[in-house]
Amino acid sequence: MENDNTMPQEKKRPVFLTVLCVIAFIHVGMSILMGLIGTITSPELGWFHTSGMFGLFSEGMSHLLGLFWSVVMLILSIIAFFGIIQIWNMMRIGVLVFSIPLFLTIIIPLILMGGSWWILIPNIIILFFLIFLFALNYERLK
């Protein structure tokens with residue numbers, strides 16, 4: 001009797017894609033944390049007077065753009081996190097679900113901040129490389 005393996009073989013996730021997903025999980029997780037802290041410590045809400053560790057994290061973007069940017073960053077980061085989960089599960093749609101919100105997190109501050117956009121350069125570089133490397137691995141996804 002022959003052993004028929006008629007079940008479709010699942011694609012194995014390459015090690016490079018696994019490492020890339022872990023890096024993206026960490027970066028987007030930090031963005032979610034920053035969005036939460038920025039929302040909670042927003043001067044418009046008046047819940048906290050920023051000092052100590054909260055002040056270090058929320059001084060930059062929260063005081064420049066306020067509650068609006070904190071909430072937008074939180075929502076876009078959560079959407080990008082779901083995209084990474086889809087990429088982790090080897091689904092192609094995850095690249096778009098990840099890339100579009102992160103592209104918006106680059107564009108919106110550039111529009112709203114005007115001349116002080118240079119403080120975003122490290123984040124822009126990281127996001128550009130994450131989006132670029134996920135796009136290079138698009139064909140490996142199902």
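Let me start with residues 51-58, where pLDDT stays under 50. This is a predicted model, and for that stretch the model has 9 contacts beyond four places in sequence. Where pLDDT is low, the predicted coordinates should not be read in detail.

For the chain, the mean pLDDT is 78, and 71% of its residues reach 70 or more. Among the elements, helix α2, residues 52-88, has the lowest mean, at 73. The highest belongs to helix α1, residues 15-40, with 88.

Next, the core. Which residues of the largest nonpolar core touch the most other members? They are Val28, Ile87, Phe98, Leu102 and Phe134, out of 20 residues in that core. Helices α1, α2, α3 (93-113) and α4 each supply at least two residues. The largest share comes from α1, with 6 residues.

Take Phe98 as an example. Leaving out its neighbours within four places in sequence, Phe98 is in contact with Ala24, Val28, Ala80, Gly83, Ile84, Ile87, Leu130, Ile131 and Phe134. You can find each of these in the structure above.

Now the aromatic rings. A pair of rings is described by the distance of the centres and the angle of the planes. The count here is 5 aromatic pairs. In one of them, the centres of Phe128 and Phe132 are 6.1 Å apart and the planes are at 10°, so this pair is stacked; the cut-off for stacking is under 30 degrees. Both residues lie in helix α4, residues 121-136, and they are 4 residues apart, about one turn of the helix.

Elsewhere, Phe25, Phe81 and Trp88 form one aromatic cluster. Trp88 also has a charged residue over its face: Arg13, at 3.8 Å from the ring centre.

Last, Asn137, which lies in the segment after α4. Its relative accessibility is 4%, so Asn137 counts as buried, the limit being under 20%. What does the side chain of Asn137 reach? It reaches the backbone oxygen of Leu133, at 2.9 Å. Not counting residues up to four places away in sequence, Asn137 touches Phe16, Leu17 and Leu20.

That is the end of my part.

Definitions and conventions. Residues are numbered from 1 along each chain as its sequence is written. This is a predicted model: local features need pLDDT of at least 70, side-chain atom pairs count only at pLDDT 80 or more; totals for chains, interfaces and linings use all residues. Side-chain values use heavy atoms; hydrogens and water are left out. Rings of Phe, Tyr and Trp (its six-membered ring) pair if their centres lie within 6.5 Å; planes under 30 degrees apart count as stacked, over 60 as edge-to-face and the rest as tilted. A charge sits over a ring if NZ of Lys or CZ of Arg is within 6 Å of the ring centre and within 35 degrees of the ring normal. Buried means under 20% relative accessible area, exposed over 50%, partly exposed in between (1.4 Å probe, protein chains only). A polar contact is a pair of N or O atoms within 3.5 Å; within protein, one must be able to donate a hydrogen and the other to accept it, and residues adjacent in sequence count only if both atoms are side-chain atoms. Contact means heavy atoms within 4.5 Å. pLDDT is the predictor's confidence in each residue, from 0 to 100. A nonpolar core is a set of buried Ala, Val, Leu, Ile, Met, Phe, Trp, Tyr and Cys residues joined through side-chain atoms within 4.5 Å.
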